[in-house]
Amino acid sequence: MTSPDNLPEVPDAGVPPVPPAPPEQPIARRGMFGTNDSGDTSGYGGLVVRRAPQLSTPRPYGGYFDELVDILALDDAIERVVVDRGELTLHVKRERLVEVCQKLRDDPALRFELSLGVSGVHYPHLAGEELHAVIHLCSITHNRRVRVEASAPDADPHIPSTVGVYPGHDWHEREAYDFFGIIFDGHPALTRIMMPDDWDGHPQRKDYPLGGIPVEYRGATVPAPDERRSYS
Amino acid sequence: MSTSYDEATEGKVYSVNGADWDQVVSNVRDSDDERLVINMGPQHPSTHGVLRLVLTLDGETVTEARGVIGYLHTGIEKNMEYRTWTQGTTFVTRMDYLSPIFNEAAYCMSVEKLLGIEDRIPARAQAIRVMMMELNRISSHLVAMGTFGMELGATTPFLFGYRDRELVMDLFEYITGLRMNHAYVRPGGVSVDLPAGAVDKVGEFLKEMPKRIKDIRKLLDENPVYVRRTKDVGYLDLTGCMALGVTGPILRAAGLPWDLRKSQPYCGYETYDFEVATERGCDVFSRYLVRMREMEESLKIVEQALDRIAGPLKGDPVMIEDKKIGWPAQLALGPDGFGNSPDHIAHIMGSSMEALIHHFKLVTEGFRVPAGQAYAPIESPKGELGAHVVSDGGTRPYRVHFREPSFTNLQSFPAMAEGGQVADVIAAVASIDPVMGGVDR
């Protein structure tokens, strides 16, 4: 006769609750080598790499970052605060961008008097916030730096102009408009700056092709740079 | 957005494109409007490459000045999105072609920040970077001074500037293999160590250069014509600089000792002994003085860096030890005049299959950079040069944006030129020292 003592212990109903899985991030890449045309011999073919989640960094941010965000005290205007690689990024609602910049410049405890311009970035995979305007600010008074980022969807590419706060943004916003099609409302003369005035499209966007022609050399053809194998 | 030609102009318009002069005069004789809109550039010897200035004149006075740029836009930032991280250095070096080492350094520091390897860059590589950057600062300032003199009508400063710059170019050619477009600074360090004899050559240069700088100073410092053309011309004070985001010698000539090498040191600049040159004149002459002082200070830094390279850091590696990032081959100049790496080739072709695979992977595929963005600012000869680099985790940059000091500073020329004479426009633009390769990228 078998005694119940010998049987493996069966866990009863007291199963610990499974924590809810974090929401799945969009897939950044499948496989290792970016090839689809040949058999996978590496074993990496099933690899799925997801994009990093877009999260706010939890406090404390470290360094002067906490103090800076506290003094700014515009939490309702800031969507996310990201501290990464020793740099502070404030993701600001676009309708409040001018207000945030004004306060960053004028508050005596902040005094970001020097702006290093506007840089655009196009993230076609971020639905609803495809176009980013990235502003790097520097405080000479306090020797600090901060990055302010505002985004706009492709369908409505409007971001308010900050030329009124930082007049040096004039050419920078024209450049971001030229390359990304971000329309800076309130800019005194938003025209193309690098490309000819009658140019079609905005060249730095990810959906704008690089162009280029294949090069033939000793019978072999080297494809144009954007047609070559990509590993990412 | 655009206005038609008729809407944009008022009154009677005379377009003059090289017609018979008598005819031009008879055409405008009956007009009492003195307003004249002229186009300076884009092909004008005194506009630093292909820069176009649209000037509205009232007699000799400039009432409105506008800069038009974009004639040298080459899409470098877009192109980099289709190359590996390492190949990026060969692109950025061509942006501001008079200060290539700075472009490379800013880009590489940004990539290193993204990789999180800033603390693991060998000290020797940092010292070589500092030495090369300061040599480059001297050559860039020499061109600024030389072309400046020529634009004001004096050819001797131009000849002096270019003659002396040749000394730096020779050093660069000896060390990197190329006079320009070096691609010498790489993510993780520098591409090759100094060749044999380089330390002596830089030593000779350090002996020779102070004399050359003194020569230029003798020629210009108290030259009455030069001083009259530059003093109180192109005035831009601290408030104007701050509002327009102007940095570099223009800012320091307005009295603010803001130099990233001191205020936010990188590459170990905090361990070097030098001073930040400032002036209070806010004018073209002050900017000239700041640049001259900076060249002298740069010589001090080069000397200190050279002492370290030849002394305590001798024989140390110049590339990060991490084999997943550091370039595998160490090129050296061969007897045929080409760079090659015989030991490395023997190793990968003859003895190690794994090394060959690794070499192939690293060179063709490149390394991956964790997703995120970074901004690395450095003090270039023209001002704050910053590389805003975004990665999506792949082997290619997702987006690279250069905060070019020339681009930002050039915006300030209407503020300097409006209300002045036509001749002062030339002086104002020259004092900004814009390099169109950097402005247009």
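Student: Leaving aside its neighbours within four places in sequence, which residues is Pro157(B) in contact with?

Tutor: Pro157(B) contacts Met145(B), Gly146(B), Gly149(B), Met150(B), Ile216(B), Leu219(B) and Leu220(B), its neighbours within four places in sequence left aside. Two residues are in contact if their C-beta atoms, placed from the backbone, lie within 7 Å. This is a predicted model, in which local features need pLDDT of at least 70, side-chain atom pairs count only at pLDDT 80 or more, and totals for chains, interfaces and linings use all residues. Residues are numbered from 1 along each chain as its sequence is written, while chains are lettered from A and ligands numbered from 1 in the order in which they are written.

Student: What makes Pro157(B) buried or exposed?

Tutor: A residue is buried if 20 or more other C-beta atoms lie within 10 Å of its own, exposed if 12 or fewer, and partly exposed in between. Pro157(B) has 23 other C-beta atoms within 10 Å, so Pro157(B) is buried. This residue, Pro157(B), is found in helix α7 of chain B. From Pro157(B) to Ala243(B), 86 residues apart along the chain, the C-alpha atoms are separated by 33 Å.

Student: How do you know how α5(B) and α6(B) lie to each other?

Tutor: The axes of helix α5 (residues 100–115) of chain B and α6(B) come within 8 Å and cross at roughly 140°. α5(B) and α6(B) are therefore oblique to each other. Ile101(B), Phe102(B) and Ala105(B) of α5(B) meet Arg129(B), Met132(B), Met133(B) and Asn136(B) of α6(B). By class, this contact of α5(B) with α6(B) has five nonpolar, one polar and one charged residue.

Student: How many residues of chain A and chain B are in contact?

Tutor: In chain A, 35 residues are in contact with 42 residues of chain B. On the side of chain A that touches chain B, β5(A) gives the most, with six residues. That side of chain A has 18 nonpolar, nine polar and eight charged residues.

Student: What makes up chain A?

Tutor: Chain A has three helices and eleven strands; helices (H or I, at least four residues) and strands (E, at least two) are DSSP runs, numbered from the N terminus. Of its 232 residues, 30% count as buried.

Student: What domains does chain B have?

Tutor: The domain assignment of chain B gives domain 1 (11–68), domain 2 (79–325 + 367–440) and domain 3 (326–366). Such bounds come from an automatic or database domain assignment. The C-alpha centres of domain 2 and domain 3 of chain B lie 31 Å apart.

Conventions:
Nonpolar A, V, L, I, M, F, W, Y, C, P; charged D, E, K, R; others polar. Axes fitted to C-alpha atoms, helices over the stretch in contact; angles between N-to-C directions. Parallel < 35°, antiparallel > 145°, perpendicular 65-115°, else oblique.
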